[in-house]
Amino acid sequence: MSALPSVLRDLGVDPAEVAAAADVELELLADQDSQIPFRSACLLTKVAAERTGCDHIGLLVAAREGSDTHSIGAVGMLMRNAPTLGRALLDLCENHHRYVRGGVPYLVARDGSAWLGYAIYQDPGASAEHFQVGALAVGFSMVKELCQARPVEVLLSRRPPADPQPYRQFFGAPVTFDADQSALVFSTDALALPVVRADPAARQALETQVRDYWAIDLPKVSDQVVRLLRPRVLFTDDRLASVAAALAMHPRVLERALQAEGTSFRAILNHTQVDVAQRLMARTRLSITAIAAALGYADTSAFSNAFRRQTGQSPRVWRTTHLAQGT
């Protein structure tokens with residue numbers, strides 16, 4: 001976000017006015033160690049896009065110097081000293097929550113393809129599509145910095161813009177809008193590429209430094225489960241045993257910890273599935289059938305019944321009402 005003011009100035013817009021409209025102190029953006037609420041970051045990029053009339057402002061911010069691994073301190077250094085691109089991207093995914101609440105980068109590899117994606121699991125309070133695109137674009141810049149790997153496709157979970165050309169130019173790959181996720185798609189072979197100028201000795205010291213670092217408060221167990229489930233529901237990897245293993249906990253221990261926080265794994269999973277469905281219905285033109293399939297439902301009726309139990313409305317009614325309200 002620290003590159004946003006200079007982008008706004010280049011586009012002829014006063015950064016102070018944009019920051020004030022988003023209720024963010026402009027001075028905070030000049031300090032990469034400062035913190036702003038996740039909602040404020042999403043609103044800031046939304047207001048910036050509206051004031052400039054630039055639909056691809058997230059790409060312009062990501063293209064600025066410093067919008068790469070250097071923007072995330074010790075974790076960035078850890079990534080730059082990883083043996084392979086795959087290990088570097090796992091460094092990002094495993095440690096991102098030390099800096100940020102609200103969004104989650106993820107890496108999934110199967111059947112010869114690898115998805116480096118960015119998902120939002122916290123209610124942003126405003127349209128977050130520009131923030132999400134910007135986050136994915138920063139991930140793209142990180143990959144280029146580490147080993148010059150190029151994605152074979154870019155997926156964006158948003159409606160097509162009036163002019164998609166800036167997106168194609170930035171990513172240098174086919175861009176698919178109205179996707180069920182926002183992700184860079186690579187061949188799994190790319191994950192084995194070596195990171196240029198990596199130093200194994202430096203990495204060993206950094207691993208200890210990163211393990212002990214928290215820029216924000218330690219998350220509750222339920223928060224960690226929400227974060228892990230957000231990308232997993234699109235890859236049918238949302239079982240209790242899988243999430244518990246990712247947290248190095250026995251499933252029964254995890255359930256007891258969630259009960260102590262007043263919730264359960266099933267409740268969090270149900271909420272996450274509905275949340276993902278609502279985001280896709282609001283931001284893309286994907287059909288209800290396609291959304292049901294993306295979430296792993298056997299058929300549309302099963303998805304509709306589950307959605308109605310959680311919201312009191314059918315998916316079609318919810319979508320129609322949401323779009324009519326313009327929210």
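Is Asp-178 buried or exposed? At 13% relative accessibility, Asp-178 counts as buried, where buried denotes under 20% relative accessible area, exposed over 50% and partly exposed in between (1.4 Å probe, protein chains only).

The views below show a predicted model, in which local features need pLDDT of at least 70, side-chain atom pairs count only at pLDDT 80 or more, and totals for chains, interfaces and linings use all residues. Residues are numbered from 1 along each chain as its sequence is written, and side-chain values use heavy atoms, with hydrogens and water left out.

**Figure 1. Positive phi at Asp-178 and Gln-148.** Asp-178 lies in the loop between β4 (175-176) and β5; helices (H or I, at least four residues) and strands (E, at least two) are DSSP runs, numbered from the N terminus. The phi angle of Asp-178 is near 55 degrees, a positive value in a residue other than glycine. Gln-148, in the loop between α8 and β3, has a phi near 65 degrees, which is likewise positive. Gln-148 is exposed, with a relative accessible area of 57%, whereas Asp-178 is buried at 13%. Most residues other than glycine have a negative phi.

**Figure 2. Salt bridge between Asp-123 and Arg-39.** A salt bridge is a side-chain nitrogen of Lys or Arg within 4 Å of a carboxyl oxygen of Asp or Glu. In this pair the closest N and O atoms are 3.0 Å apart. The bridge links distant parts of the chain, 84 residues apart: Asp-123 is in the loop between β2 (113-120) and α8 (129-147), and Arg-39 is in helix α4 (residues 38-52). Asp-123 is partly exposed, with a relative accessible area of 49%, and Arg-39 is also partly exposed, at 43%. A search of the whole structure finds 12 salt bridges.

**Figure 3. Salt bridge between Asp-55 and Arg-158.** The closest N and O atoms of Asp-55 and Arg-158 are 2.9 Å apart. Asp-55 lies in the loop between α4 and α5 (57-62) and Arg-158 in the loop between β3 (153-155) and α9 (165-171), so the pair ties together parts that are 103 residues apart in sequence. Arg-158 is buried, with a relative accessible area of 4%, while Asp-55 is partly exposed at 27%.

**Figure 4. Salt bridge between Asp-91 and Arg-87 within helix α7.** Both residues belong to α7 (residues 85-95) and stand four residues apart, about one turn of the helix. An α-helix has 3.6 residues a turn, so residues three or four places apart point the same way. The closest N and O atoms of Asp-91 and Arg-87 are 3.1 Å apart. Asp-91 is buried, with a relative accessible area of 2%, and Arg-87 is partly exposed at 27%. A network of salt bridges links Arg-87, Asp-91, Glu-94, Arg-203 and Glu-207.

**Figure 5. Packing of helix α6 against α7.** Helix α6 (residues 73-80) and α7 pack at an angle of about 160 degrees, with their axes 8 Å apart; axes are lines fitted to C-alpha atoms, for helices over the stretch in contact, and angles run from 0 to 180 degrees between N-to-C directions. The two helices are therefore roughly antiparallel, a term for angles over 145 degrees. Their crossing is right-handed, which means that the near helix is turned clockwise from the far one by less than a right angle. Val-75, Leu-78 and Met-79 of α6 make the contact (heavy atoms within 4.5 Å) with Ala-88, Asp-91, Leu-92 and Asn-95 of α7.

**Figure 6. Packing of helix α6 against α10.** Here the angle is about 150 degrees and the axes are 9 Å apart. That makes α6 roughly antiparallel to α10. The crossing of α6 and α10 is left-handed, the near helix being turned anticlockwise. Ala-74, Val-75, Met-77 and Leu-78 of α6 meet Arg-203, Leu-206, Glu-207, Gln-209 and Val-210 of α10. In α6, Ala-74, Val-75, Gly-76, Leu-78 and Met-79 are buried, and what covers the buried residues of α6 includes α7, α8 and α10.

**Figure 7. Surroundings of Leu-191.** Leu-191 lies in the loop between β5 (183-187) and α10 (200-211) and is buried, with a relative accessible area of 16%. Leaving aside neighbours within four places in sequence, Leu-191 is in contact with Thr-84, Leu-85, Gly-86, Leu-89, Leu-107, Ala-109 and Ala-114.

Conventions. Angles under 35 degrees count as roughly parallel, over 145 as roughly antiparallel, 65 to 115 as roughly perpendicular and the rest as oblique.
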